[in-house]
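Hi,

Here is the structure I promised to pass on. Have a look at it first, and then read my notes below.

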There are 2 protein chains.
Amino acid sequence: MEPRPVPPGGRATLRDVARLADVSPKTVSRVVNGEPGVTEAKIAAVTAAIDKLGYRPNFTASSLRRANGRTATIGVVLEDVANPFSAALYRAMEDVAREHGVSILAGSVDEDPARERALISAFAGRQVDGLIVAPASTNQGYLNAEILAGTPVVFVDRAPAGVQVDAVLIDNRSGAREAVRHLIAHGHRTIGYVGDLRTIATARDRLQGYRDALADEAIRPRPEHIVEDRHTESAAEQAVHALLDLPEPPTALFTAQNLVTIGAIRALRARGRQHSIALVGFDDFPLADLLDPPVTVVAQDPSAMGRLAASLIFRRLDGGSWEPTIHPIPTRLIPRGSGEIRP
Amino acid sequence: MEPRPVPPGGRATLRDVARLADVSPKTVSRVVNGEPGVTEAKIAAVTAAIDKLGYRPNFTASSLRRANGRTATIGVVLEDVANPFSAALYRAMEDVAREHGVSILAGSVDEDPARERALISAFAGRQVDGLIVAPASTNQGYLNAEILAGTPVVFVDRAPAGVQVDAVLIDNRSGAREAVRHLIAHGHRTIGYVGDLRTIATARDRLQGYRDALADEAIRPRPEHIVEDRHTESAAEQAVHALLDLPEPPTALFTAQNLVTIGAIRALRARGRQHSIALVGFDDFPLADLLDPPVTVVAQDPSAMGRLAASLIFRRLDGGSWEPTIHPIPTRLIPRGSGEIRP
DNA sequence: CTGAAAGCGCTTACAG
DNA sequence: CTGAAAGCGCTTACAG
């Protein structure tokens with residue numbers, strides 16, 4: 001609580017400390033960085049001066065001069081931190097980064113390629129040691145300059161295009177196939193699909209998985225039962241209302257993203273059909289098990305994905321070298337009730 | 001996709017660009033920063049060299065030398081990004097920061113004061129232009145050095161102690177009082193309290209609000225109906241089981257935090273009591289309206305809180321000056337069903 | 001309109 | 001064990 005004698009309006013520098021302790025700047029640097037070969041007396045003098053001035057080393061300046069140029073900061077580009085999937089990814093990365101004494105610059109892109117580039121440009125300009133990206137763009141060739149310059153880049157959730165990098169991905173197609181197969185196994189032949197923007201590759205993969213599962217059982221997909229480009233809860237809700245208004249409505253729904261699933265549930269509830277129309281969602285979400293009926297989902301493991309993505313960055317920073325690889329993370333079907341409703 | 005002629009293993013510098021364009025570094029600097037007074041010819045030469053080298057300005061170095069020393073980066077210290085409350089706060093701050101061309105360094109403290117200090121130290125060492133903090137510590141006097149040095153600091157969700165800063169807060173006590181008053185108005189006289197760690201000031205405030213509401217109606221609080229220090233879902237779940245096992249169990253519950261509310265719901269479900277025991281939770285959470293019964297809550301507005309907190313930082317950075325103030329954000333009781341169950 | 005010199009806060013590479 | 005000089009990548013403050 002005692003006010004510290006900091007230079008008014010500015011912060012003390014290493015030179016201020018050196019002057020007060022009556023040593024050279026280099027000696028202060030040695031003390032600050034815990035380098036050996038400084039007498040106890042000088043260490044004490046420097047430490048006292050640091051305390052007195054409230055000196056805080058300028059890490060930014062030191063990394064500018066330091067041999068490896070590392071900033072102990074990585075950049076994380078997410079879809080939307082407010083979405084629990086992104087939030088879980090981020091939290092897992094943060095935990096790994098903390099173990100390495102590394103801070104995180106993060107931002108959300110909301111499916112906007114321009115925002116993705118702006119964030120990466122801002123992070124690269126701040127000399128991040130690595131980048132973890134869940135891309136919204138269709139091609140990330142612009143990252144090649146960074147990669148050539150030696151910055152490790154890892155993609156998460158979405159595959160790279162135009163660039164060779166490690167990627168932590170799930171198999172969206174087979175996950176979706178499993179979901180729809182589950183519905184078929186419970187007797188459904190007319191299954192509606194409601195999915196995210198078709199500009200998103202993972203959304204297209206999930207639709208393909210849906211088609212695969214139908215083809216497996218020689219069920220002809222009905223175009224009117226397939227609704228793409230639903231990115232929000234309310235857009236999905238409307239889509240489900242429309243599906244149920246069809247002359248031949250589906251008896252089951254596969255909803256290919258967490259917000260879409262929630263929108264679908266709202267529509268089913270509004271019609272009192274939640275116990276008569278089966279539902280399997282892609283992506284788990286908090287409280288899915290507490291709804292009535294509990295929601296069957298194909299769960300991803302965002303914590304595992306985030307941990308692995310961050311670990312890959314740090315392995316490369318620690319000198320690890322390997323060809324850029326796809327690192328698959330398995331999905332898991334969790335039957336809870338909504339997916340086991342029979343037609 | 002075409003590989004750029006970047007110096008192998010390193011990035012091009014402003015000097016590299018200057019050499020290639022055959023101008024002085026200062027001229028490159030002018031072009032990069034869009035300063036006026038450069039001939040079209042030189043601009044073209046510099047731009048071509050930048051493209052050829054894949055040059056990206058080192059923003060870190062420029063802010064070291066730049067007059068105001070700004071890094072266009074702020075630090076955000078949250079409770080836990082994976083909690084939807086923190087995630088919503090963060091997202092709102094991010095949106096404001098983006099409008100100002102500012103990046104965010106963020107981290108979670110998980111109620112650990114040491115982590116709080118470590119994060120702030122890391123962010124300050126990276127020369128952030130401002131700090132937004134949801135503190136876990138009981139005293140933040142250590143921030144005074146930063147504040148004296150001119151870094152704007154804003155607290156959010158939790159009040160400052162030992163330091164004079166702006167704070168964006170809700171009135172936890174009166175919010176809790178309103179919640180419990182609501183239960184009393186619906187006929188309850190024995191109301192259980194389940195709350196977060198008593199080390200958290202807002203948890204203590206909410207308990208006080210609970211006591212206030214009982215006192216208002218001259219209801220004697222029963223110590224055995226008050227359970228503190230429940231920080232996780234499962235801890236809260238256990239607590240509710242224990243409450244309902246009492247000889248005289250409460251007919252209603254006030255759960256003073258979002259995870260605690262969810263844990264309580266799990267316990268009520270497990271016993272099939274969700275329609276017979278009333279429940280009001282503090283903090284809204286996604287899907288609260290889709291549960292059965294829908295959950296009555298006292299809602300905070302984390303988006304409004306985050307936006308305001310970030311705006312305050314930028315107003316100060318833009319030269320605004322005022323005495324550090326508490327900025328109250330109202331809470332709102334949302335009756336949905338669980339809180340209107342009668343004894 | 002353009003550039004040479006100095007310096008932001010720190011570390012490197014030496015010398016003693 | 002200690003420090004003087006130079007330099008990280010850039011901008012400032014001048015001079016022309």
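**The strands between the chains**

Strand β2 (residues 103–108) of chain A and strand β2 (residues 103–108) of chain B run antiparallel and are joined by three bridges. Within this pairing, A:Leu105 has B:Leu105 as its bridge partner. Please keep in mind that this is a predicted model.

β2(A) is mostly covered, with six of its six residues buried. In a regular strand, side chains alternate between the two faces of the sheet. Here both faces are covered: A:Ser103, A:Leu105 and A:Gly107 are buried on one side, and A:Ile104, A:Ala106 and A:Ser108 are buried on the other.

β2(A) also pairs with strand β1 (residues 73–78) of chain A, in the parallel sense and over six bridges. There, A:Leu78 stands opposite A:Ser108. The chain gets from β1(A) to β2(A) through helix α5 (residues 84–99) of chain A, in a right-handed β-α-β crossover.

**The DNA side**

Now to DNA strand D, which is surrounded by 25 residues; the closest are A:Arg65, B:Leu14, B:Lys26, B:Ser29 and B:Tyr55. By type, the residues of this surface are nine nonpolar, nine polar and seven charged. α4(B) gives the largest share, four residues.

Of the DNA strand D atoms within 4 Å of the protein, 65% are sugar or phosphate atoms and the rest belong to bases. One phosphate oxygen is 2.5 Å from an N or O atom in the side chain of B:Ser29, and a phosphate oxygen is 3.1 Å from a polar backbone atom of A:Ser24. On the base side, a nitrogen lies 3.2 Å from a polar backbone atom of B:Ala61.

Best wishes

Methods
Residues numbered from 1 in each chain as written. Chains lettered and ligands numbered in written order. Predicted model: local features only at pLDDT ≥ 70, side-chain atom pairs only at ≥ 80, totals over all residues. Heavy atoms only, no water. Near = heavy atom within 4 Å. Polar contact = N/O pair within 3.5 Å; in protein donor to acceptor, adjacent residues only side chain to side chain. Helix = DSSP H or I, 4+ residues; strand = E, 2+ residues; numbered from the N terminus. Nonpolar A, V, L, I, M, F, W, Y, C, P; charged D, E, K, R; others polar. Buried < 20%, exposed > 50% of the residue type's maximum accessible area, 1.4 Å probe, protein only. Pairing = 2+ DSSP bridges. Right-handed = clockwise from strand over helix to strand, strands pointing away.
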